[in-house]
Amino acid sequence: MEVQLVSPEQVLYTGDAPFLGALAAWPVRLVLANGEQVQFAVHGGFVEVSHNHVIILSDVAELHTQIDVERARAAKARAEEALRVNPDDADAVAALQRAEARLCVAGETN
């Protein structure tokens with residue numbers, strides 16, 4: 001795959017390379033060959049794209065059917081409360097991101 005790294009000042013790199021990126025807590029939606037969609041909550045890791053092949057190496061991943069919605073809502077509420085007390089609480093920020101990813105994948109918008 002051709003990769004370009006461009007800044008406002010210059011093109012820093014152009015050439016063939018695999019793509020490797022870090023993942024945060026985020027929903028992942030796969031569209032299968034038959035058009036069916038499968039959703040996962042991914043909580044950190046890496047993605048590599050190379051030679052028409054994608055590998056997602058996740059620290060933790062959950063299929064949408066494995067998510068306990070009530071538990072995710074409770075985790076979200078705890079994280080939001082912790083952030084009200086201390087807006088700089090990195091653990092609470094991460095917990096909120098995980099809970100929101102789970103709820104999104106489970107089809108919960110609030």
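The exercises below, each with a worked solution, concern a predicted model.

Residues are numbered from 1 along each chain as its sequence is written, and side-chain values use heavy atoms, with hydrogens and water left out. Because the model is predicted, local features need pLDDT of at least 70 and side-chain atom pairs count only at pLDDT 80 or more, while totals for chains, interfaces and linings use all residues.

**Exercise 1. State which elements have the lowest and the highest mean pLDDT.**

Solution. Begin with the protein chain, whose mean pLDDT (the predictor's confidence in each residue, from 0 to 100) is 92, with 98% of its residues at 70 or more. Then turn to its elements, where helices (H or I, at least four residues) and strands (E, at least two) are DSSP runs numbered from the N terminus.

**Exercise 2. Describe how β1 is covered and how it is paired.**

**Exercise 3. Work out where S50, H51 and N52 lie, and whether each is buried or exposed.**

Solution. S50 belongs to strand β4 (residues 37-50) and counts as buried because its relative accessibility is 16%. H51 sits in the loop between β4 and β5 (53-58) and is exposed, since its relative accessible area is 73%; N52 lies in the loop between β4 and β5 and is exposed at 84%. As a last step, consider phi: most residues other than glycine have a negative phi. Yet phi is positive in H51, near 55 degrees, and in N52, near 60 degrees.

**Exercise 4. Characterise the lining of the largest pocket by element and by residue class.**

Solution. The largest pocket holds about 210 Å³ of space. Of the 13 residues that line this pocket, R71, A72, A75, R78 and R102 are the closest to its centre. The elements giving two or more residues to the lining are α1 (69-85) and α2 (90-105), and α1 provides the largest share, five residues. By class, the lining divides into six nonpolar, one polar and six charged residues.

Conventions:
1 Å grid on protein atoms, 1.4 Å probe; cavity = no way out; pocket = protein on both sides within 12 Å on 5 of 7 lines; lining within 4 Å. Points joined across faces, edges and corners; volume = space filled by probe spheres on them. Nonpolar A, V, L, I, M, F, W, Y, C, P; charged D, E, K, R; others polar. Buried < 20%, exposed > 50% of the residue type's maximum accessible area, 1.4 Å probe, protein only. Pairing = 2+ DSSP bridges.
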